[in-house]
Structure formats: structure tokens, C-alpha cells
Amino acid sequence: MITVVGTGTGASPAPETLAGAELVVGGRRHLDAVRLPEGAEQVVLGPLAPALDAIGEYVGEDRPVTVLASGDPGFFGIVRVLAERFGAERLDVRPGVSSVAAAFARIGLTWDDAVVVSAHGREPRTAVNVCRAHPKVAVLTGPGAGPAELGAALRQATRVLVVASALGSVRERVERVTPAEAADRDWGPDVSVVLCLDEARTRAPGAARTVAGGRAEPTGWALGEDAFAHRDSMITKFEVRALALARLGPRLGDLVWDVGAGSGSVAVECARLGAAVVAVEKAADGVARIAANALAHGVYVDVVCDMAPDALAGLPDPDAVFVGGGGSELPAIVGACAARARRTVVVAMAALDRVPAARAALTGAGFSCDGVLLQSSRLAPLPGDVTRLAATNPVFLLWGTRTPLSDEGVAL
């Protein structure tokens, strides 16, 4: 068996977890904190491959191994790679307190409603977008993706960062800072986890689970128009929204722009599916309506009151973009969005005259392009307890998908 022992957040491993081990594997600080069994070999964790090879030699000879890890080794920890290499049935996991649980405990805050994301060994963009979208986030940090990088990306956001460093050690520090303060400091190598809090929303228990008036939040997606406040039926109809959402593919860690957002129905639905969302709307009453719809559905949408395409210049690059409306500036807006979108751009148009220019803007930016004219008829009552079909206005939906590239820059 491979005994995997979680430690490092204030508790030492029980002596029996090391008894009989012929090989003990762990970080330098973990090995220094324990008394090794007499005659046991040790491997200091650095690159994983040599340590796994050493473990494999002992396992192949049925010799006992103990692996020391931080906190809960099954929570973004070494259990995953050990199970993949040697099989879960060989593991005896003794979890400790995870760094996330310890960080929330230090500030007396519950975390059953928190979103946890790892930036360790990853580009921090996904973690940043999760922090933009959700009121209570724990980020496991790593080199190049620590408090300074998170703070720099979140400077404009109303957030508090709780930086928990070297949890469980004599160097432990837990500090509350603004994103700007975090960005301007050198935090050193000891950071364990960063909590990103939107305190205005975390103070409202259950806010993410209810809508205005205390009603339960509707399930599913492509909600009916009556689920949103809108002006004179100026709203993306649910049939169009359903296909648009399918093509946008919003998910946790994504950033979506809704340009010409109107009522914000697309923006709100993307946020309900976990994405961070920026809605761009030029009309002041529209901005207020979007904010009200987001609040009613228990999500956060960052609303920018400005004209596109000029309003887009200062925004972070999106994964996906929805463009609504159909004025003469549409091709320029689509072109500006296509220049920045990482994955896809979806455009809804009532006027077919705009389709060729919008399509040219997408293909000119290197997107493959497709589209469909959506015409639907809904059941509507007639006198005499009978039903007719009532046609909705046709809408052309165009979408462009960026061709993924290999690491060498070759189209896949």
C-alpha cells in the first residue's frame, strides 16, 4: 500500500502513519517535521517524475511507501496522479485540513457556497474570470499566479483579497488587502491560498439561490421573456437565446461579452451558467434594467454604459461574444469583437442586409462561419377554447468559431 498523509496546516502526522514505511516521500518541510522510521529511504518532492519512479520500484516489490502532502491530498493534490499511476485501490489516504478550509476558518467564514479553483501550474486567466463572476472564491496559487497577478487583473473590481500565506507554519500570515494593494507587493514563495470576496454579496445569505420577491430561481436555461424586465418586447426571444447560448458555450472560468445588451437576457443567462460577463449597453435605462435583471436572478454582470466599438478597448479579452442589435455600425462592432474573442462570436440580426458585412468581418478575422434564419411559431389561444400558431419575428443568427491552433501555431 501507499499511505498518503495530509499535513502542513498545523497538524503533524500520527506516528502510526509512518510506522513500517521503507520509503517516505514529501516536500522538504514535511520531511523535516517528522521522524523517519529507522532504515527508511526518503525522496524529496520536486519534479514528480523521479518521485513516481521511486515509488513504483517499491510498489513493484510490495514494499510499503508513505507520501507526505499538504492539507487534504485528495483536494487538488497528489492523490490524483498517484491513483492514475498506481491505481486507487493501492492508496490509503489520511486527509488533513485543506488549505482552503484552513483559510476560511482563519477569517470565520463558511465556505460551503464557495467556488474553488487552482491557478497552480496554470495560466491565471480562468481563476481571474471565476473571481469576476462569483462572490466567494478560493484560488490555490502558484508561481506566476499569486496575489500580485490576481490583484493586477482585478484592480477595477470591488473585491477584498484575503491572502493566506504559509498556513500551519510559524510564518503563517492572513492579510486582507484590496486588489490594488495585492498587485503592488512582492508576496514571496509562501502563499497557500487567496480568497476573493465580494463582501456586498456574501453578506446576503442565499442571494445566489433566490430571485426578487423570494421566489425560487427558475431551473434550466433559455428562460421565457417574462423572466426578465424589458422595454416594449425589446428582448432576445428564448428560441434565439437557446441557440445563441449553445454556440457561446458559457462555462465556469469563461469571460463573455454581451454587446448591445438591451435587457441583458443573454448576459444574465451566461452568468447563470457560471461565466463572468460584461454587458455593454449605450442607453442609461438599459443599464439599469440589466443590473436589475442580474440582481433578480442572483448573478453578477459587469455593465458598461458606452457605445461599441469604442467601449471595448479597455475590457479584458473575452472567450465568447454575443452581439445584438443591427445598426449601421454593426460590421465595425463585429470586427472589433472578432479581433479579441478567443473562441466564438455570435451575432443576432433582424435585418438581412447586415448579414454579408457581418459575415465578412468574421471570416476576415480568421473565423469559420455559419448561420441560420430562425422562424418560430408559438401556441396562442383563440376564443372558443381553440389554439392557433402565432409567428414570432424572424431573426438571423450568425456565428463564427476561431480555428484552434497547435502549440506550434498550426491550425488543428
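In strand β4, the bridge partner of V24 is T66. Helices and strands are DSSP runs, numbered from the N terminus; a helix (H or I) has at least four residues and a strand (E) at least two. The model is predicted, so local features need pLDDT of at least 70 and side-chain atom pairs count only at pLDDT 80 or more, while totals for chains, interfaces and linings use all residues. Residues are numbered from 1 along each chain as its sequence is written, and side-chain values use heavy atoms, with hydrogens and water left out.

V24 belongs to strand β2, residues 23–26. Strands β2 and β4 (residues 65–70) run parallel and are joined by 3 bridges. Strand β3 (residues 41–44) is also parallel to β2, with 4 bridges between them. Here V24 stands opposite Q42. Two strands count as paired if DSSP finds at least two bridges between them. Strands of a sheet pair through backbone hydrogen bonds, either parallel or antiparallel.

Both faces of β2 are covered. L23 and V25 are buried on one side, and V24 and G26 are buried on the other. Buried means under 20% relative accessible area, exposed over 50%, and partly exposed in between (1.4 Å probe, protein chains only). In a regular strand the side chains alternate between the two faces of the sheet.

These strands belong to an open sheet of 5 strands in the order β3-β2-β4-β1-β5, with parallel pairing. The edge strands are β3 and β5 (91–94), and each pairs on one side only. The twist averages 20 degrees from one strand to the next. Axes are lines fitted to C-alpha atoms, for helices over the stretch in contact, and angles run from 0 to 180 degrees between N-to-C directions. Strand β1 (residues 2–7) and β5 run parallel, joined by 4 bridges. I2 stands opposite L91 in β5. Helix α2 (residues 48–60) packs on the sheet and touches β1, β2, β3 and β4. The direction of α2 makes about 160 degrees with that of β2. Helix α3 (residues 79–86) also packs on the sheet, touching β1, β4 and β5. The direction of α3 makes about 170 degrees with that of β5.

Another open sheet has 5 strands in the order β6-β7-β10-β8-β9, and its pairing is mixed. Strands β6 (115–118) and β9 (173–177) stand at the edges, each with a single partner strand, so one side of each lacks a neighbour in the sheet. Neighbouring strands are turned by 20 degrees against each other on average, direction ignored. Strand β8 (residues 160–165) runs antiparallel to strand β10 (residues 191–197), and 6 bridges join them. L161 stands opposite C196 in β10. Helix α5 (residues 125–133) packs on this sheet, touching β6, β7 and β10. The direction of α5 makes about 165 degrees with that of β7. Helix α4 (residues 99–106) lies across β6, β7 (136–140), β8, β9 and β10, at about 55 degrees to β10.

Helix pairs come next. The axes of α12 (residues 330–340) and α13 (residues 355–364) come within 8 Å and cross at roughly 20 degrees. That makes α12 roughly parallel to α13. Angles under 35 degrees count as roughly parallel, over 145 as roughly antiparallel, 65 to 115 as roughly perpendicular, and the rest as oblique. The crossing of α12 and α13 is right-handed. A crossing is right-handed if the near helix is turned clockwise from the far one by less than a right angle, and left-handed if anticlockwise. P331, V334, G335 and A338 of α12 meet A357, A358, A361 and L362 of α13. Contact means heavy atoms within 4.5 Å. By class, this contact has 7 nonpolar, 1 polar and no charged residues. Ala, Val, Leu, Ile, Met, Phe, Trp, Tyr, Cys and Pro count as nonpolar, Asp, Glu, Lys and Arg as charged, and the others, Gly among them, as polar.

Helices α9 (residues 238–248) and α10 (residues 265–272) pack at about 50 degrees, with axes 11 Å apart. That makes α9 oblique to α10. Their crossing is right-handed. R241, L245 and L248 in α9 meet S265, V266, E269 and C270 in α10. The contact has 4 nonpolar, 1 polar and 2 charged residues.

A311 lies in the loop between β13 (302–305) and β14 (320–323). A311 counts as buried because its relative accessibility is 9%. Leaving aside neighbours within four places in sequence, A311 is in contact with V280, V304 and D306.
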